[in-house]
Amino acid sequence: MDVIGDAASDRYQNALAAVINDENVDGVLVILTPQSMTDALGTAEAVVNIAQRSSKPILCCFMGVVDVSAGVKYLQEHGYPVYRFPENAANAFGALYRYSQWLSRPQLASPKTNYDTKKASDIISNCLATGETKLGEVVGNQLLACYGFNVNPTKVAKQYKRRLPSPRKWVSRWL
């Protein structure tokens, strides 16, 4: 909607209120291109007044530097974004849209968890009681299993001592 460059702040406020209240509008970009009679501060006050009563995003692009600085400062002090160029504001709207899509993505159901905190506590207590401050693979896997991690069954192999015949007997067989 073009309110023309000589618009007073009340015309901006009325136009912005009409646009933001339209159910087919998701957000508004207010572009101010100052003329010699433009009241940038009044326009900024009108934007803030409407924005505070709306849940829809309102972004501003106040073109120029010196003529609009009071309005830019007012918007920034009230937490409303102001861009120097419309392209930057359009990029911000694109980011807002992508973020809204991400927020409304389907949520996966949380998996049911069945933790055995009692057993985990016992494992840790036993380790501390025996002075073990570092967990080995077997105990570490047991602890992980208490919290739902799938771990491979692990056991420590026993040392098997087999008595081998003396090397002299081997040598005598081959000689």
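**Entry 1: α5 and α6.** I started with helix α5, residues 117–129, and helix α6, residues 137–146, in what is a predicted model. Their axes lie 8 Å apart, and the packing angle comes out at about 155°. The cut-off for roughly antiparallel is over 145 degrees, so I put α5 and α6 down as roughly antiparallel to each other. I also checked the hand of the crossing of α5 and α6, and it is left-handed.

From α5 I got K119, A120, I123, I124 and C127, and across from them in α6 sit V139, Q142, L143 and C146. Sorted by class, the residues of this α5 and α6 contact come to seven nonpolar, one polar and one charged.

**Entry 2: α2 and α3.** Which way does α2 run relative to α3, roughly parallel or roughly antiparallel? I took helix α2 as residues 40–51 and helix α3 as residues 69–77. Their axes come within 7 Å and cross at roughly 25°. Angles under 35 degrees count as roughly parallel, so α2 is roughly parallel to α3. The crossing of α2 past α3 is right-handed.

On the α2 side, I listed A40, L41, A44, E45, V47 and V48 as the contact residues, and on the α3 side A70, G71, Y74 and L75. The class count for the contact of α2 with α3 is eight nonpolar, one polar and one charged.

**Entry 3: α1 and α2.** I then turned to the packing of α2 with α1. Here the axes are 8 Å apart and the angle is about 30°, so α1 and α2 are roughly parallel to each other. I noted a right-handed crossing for α1 and α2.

For α1, the residues in this contact are S9, Y12, Q13, L16, A17 and I20, and they meet G42, T43, A46, V47, N49 and I50 of α2. I wondered how many charged residues the contact of α1 with α2 has. By class, it has seven nonpolar, five polar and no charged residues.

**Entry 4: the largest pocket.** The largest pocket holds about 290 Å³ of space. I counted 15 residues in its lining, and those closest to the centre are M1, V3, Y12, V30 and I31. Two elements, α1 (9–20) and β1 (28–32), each give two or more residues to the lining. Which element gives the largest share of that lining? That is β1, with five residues. The lining of the largest pocket divides into twelve nonpolar, two polar and one charged residues.

Technical notes:
Residues numbered from 1 in each chain as written. Predicted model: local features only at pLDDT ≥ 70, side-chain atom pairs only at ≥ 80, totals over all residues. Heavy atoms only, no water. Axes fitted to C-alpha atoms, helices over the stretch in contact; angles between N-to-C directions. Helix = DSSP H or I, 4+ residues; strand = E, 2+ residues; numbered from the N terminus. Parallel < 35°, antiparallel > 145°, perpendicular 65-115°, else oblique. Left-handed = near helix turned anticlockwise from the far one by under 90°. Contact = heavy atoms within 4.5 Å. Nonpolar A, V, L, I, M, F, W, Y, C, P; charged D, E, K, R; others polar. 1 Å grid on protein atoms, 1.4 Å probe; cavity = no way out; pocket = protein on both sides within 12 Å on 5 of 7 lines; lining within 4 Å. Points joined across faces, edges and corners; volume = space filled by probe spheres on them.
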